[in-house]
Amino acid sequence: MSCGGTRSGVHRGAQSCNQLANIPRTLDIRVADGRSPAMEVEVASVTASGITKEFGQVTAVDGITLSTRDGEFLVMLGPSGCGKTTLLRIIAGLETPTAGEILIDGEVVNDLPPRARGVAMVFQSYGLYPHLTIWNNIAFPLKTQGTPRHEIKRKVEWAARLLGIDRLLDRRPRQLSGGERQRVALARALVREPTVFLLDEPLSNLDAKLRASARSELKQFQQTVRTATIYVTHDQVEAMGMGDRIAVIDHGKLRQIGTPAEIYEYPADEFVASFLGTPPMNLIERDGGSLGFRPEAFLPKELLNGSALMELPFRIDRVEYLGSERILYGGLEGRVAKREVTAKLPAHVVLDGIHAGEWHAFAVRERELRYFDRTGLQVR
Ligand code: ATP
């Protein structure tokens, strides 16, 4: 957005116009089939600064500060009720924060209505108009803005082509699959040329197979348009697979923000360690704090030759066969675990001589051990 941008009446925030002028504001979008770029989309950043939201006695969001980076796919991940949707709605302007500021491109937008913020939100339900054709659904926001007809046509056709739904434009939403409807909702968001996409669990209505393909399509699409995207989910697989970075939220608080590898390998605290991973990180009591290791790092000792190891005799209580892998559940000799200890073994590991009800020599490489203090924070 230029300094004289369309968000009229914007109260300037942390960055001045001159500072903003140095940042590349636009990117060409090239359609995957090599056709010429149809339009330019702005590369913007969003900052939530000290956002708190109270609903009566409930603190839904508790002092969260986070920023997107240019063109990034940021996932907000957390359990049901942790405040993800509330924070997204505050960014969109659909909810007013009790405290804190939302900045888009360094400009405070707290007083701006949703339409003036340049954000486009796609909900779980898609919110398509059943009586309108797909063409008219996508064109709807442009018509309400009074966009000239030839411009509407150009943008609708461009967005439909980009999302591979150009052959569906004459249909109505009920004649589409869930995945196609999701793409229509994205196209409708895209024609508004938003500076930011806000996506609230847009894949949750799809079955598991469609969800997996929609996940990679959506990620590919975002990489093409490079519009900063904030994506809310409680599904860790979705978060790990799609996010450039993940913000882990619990009870309205930001627990950690980082790349999927950072948060998986170096969780900031026991909550993050336990929320990510299936099964989650094993935690055993140690000096008032705890010692953590991932189930896939906890292996029969003979498989771990040549490294510094911590040996942990493992009593296997039961084995779960999952095709590509097996999960072994049990307990440790002389150690108090915070919950049942698990080991995850790929199917190609032969389990000769390992039987439920017996003790076995298991171990973890020392470099795979994580330490947490009394308050649950990781000690590095
Ligand atoms: P989910 O994944 O289940 O959608 P969430 O992480 O998106 O959950 P929010 O919808 O943001 O969570 O809700 C956070 C908390 O705020 C919850 O305890 C919820 O009950 C409460 N809450 C949300 N909206 C309101 C409201 N309008 N009035 C009162 N409480 C609300």
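Tutor: Before we start, a helix here is a DSSP run of H or I with at least four residues, a strand is a run of E with at least two, and both are numbered from the N terminus. This is a predicted model, in which local features need pLDDT of at least 70 and side-chain atom pairs count only at pLDDT 80 or more, while totals for chains, interfaces and linings use all residues. Residues are numbered from 1 along each chain as its sequence is written.

Student: Happy with that! How many helices and strands does the secondary structure of the chain come to?

Tutor: Counting those DSSP runs over the chain gives both totals. The secondary structure comes to nine helices and 22 strands.

Student: Which helix supplies the largest share of the shell around the ligand?

Tutor: The residues around the ligand include Gly83, Lys84, Thr85, Thr86 and His234. Strand 5 (58-67) and helix 2 (84-92) each supply at least two residues of this shell. The largest share, three residues, comes from helix 2.

Student: And by class, how many residues of that shell are charged?

Tutor: Ala, Val, Leu, Ile, Met, Phe, Trp, Tyr, Cys and Pro count as nonpolar, Asp, Glu, Lys and Arg as charged, and the others, Gly among them, as polar. The shell has four nonpolar and seven polar residues, and the number of charged residues is one.

Student: Now for Ser49: is it buried, partly exposed or exposed?

Tutor: Ser49 sits in strand 4 (residues 46-55). A residue is buried if 20 or more other C-beta atoms lie within 10 Å of its own, exposed if 12 or fewer, and partly exposed in between, with C-beta atoms placed from the backbone. Because Ser49 has 18 C-beta neighbours inside 10 Å, it counts as partly exposed.

Student: Which residues is Ser49 in contact with, leaving aside its neighbours within four places in sequence?

Tutor: Two residues are in contact if their C-beta atoms, placed from the backbone, lie within 7 Å. With neighbours within four places in sequence set aside, the contacts of Ser49 are Thr65, Gly100, Glu101 and Leu103.

Student: Looking at the whole chain, what share of its contacts with a separation of 6 or more joins residues 24 or more positions apart?

Tutor: For context, the chain has 380 residues, of which 36% count as buried. Among contacts with a separation of 6 or more, the share between residues 24 or more positions apart is 64%.

Student: How many of the 13 residues of helix 5 are buried?

Tutor: What covers its buried residues includes helix 3 (134-144), helix 4 (149-162) and helix 6 (208-225). One of the buried residues is Ala187, which is in contact with Ile138, Ala159, Ala160, Leu163 and Ile165 once neighbours within four places are left aside. Helix 5 is mostly covered, and its buried residues number 10.

Student: Which residue in strand 11 is the bridge partner of Leu74?

Tutor: Two strands pair if DSSP finds at least two bridges between them. Strand 6 (residues 73-77) and strand 11 run parallel and are joined by five bridges. On strand 11, Ala228, Ile230 and Val232 are buried on one side and Thr229, Tyr231 and Thr233 on the other. The partner of Leu74 is Ile230.

Note on methods. A residue is near a molecule or strand if its C-beta atom, placed from the backbone, lies within 6 Å of it.
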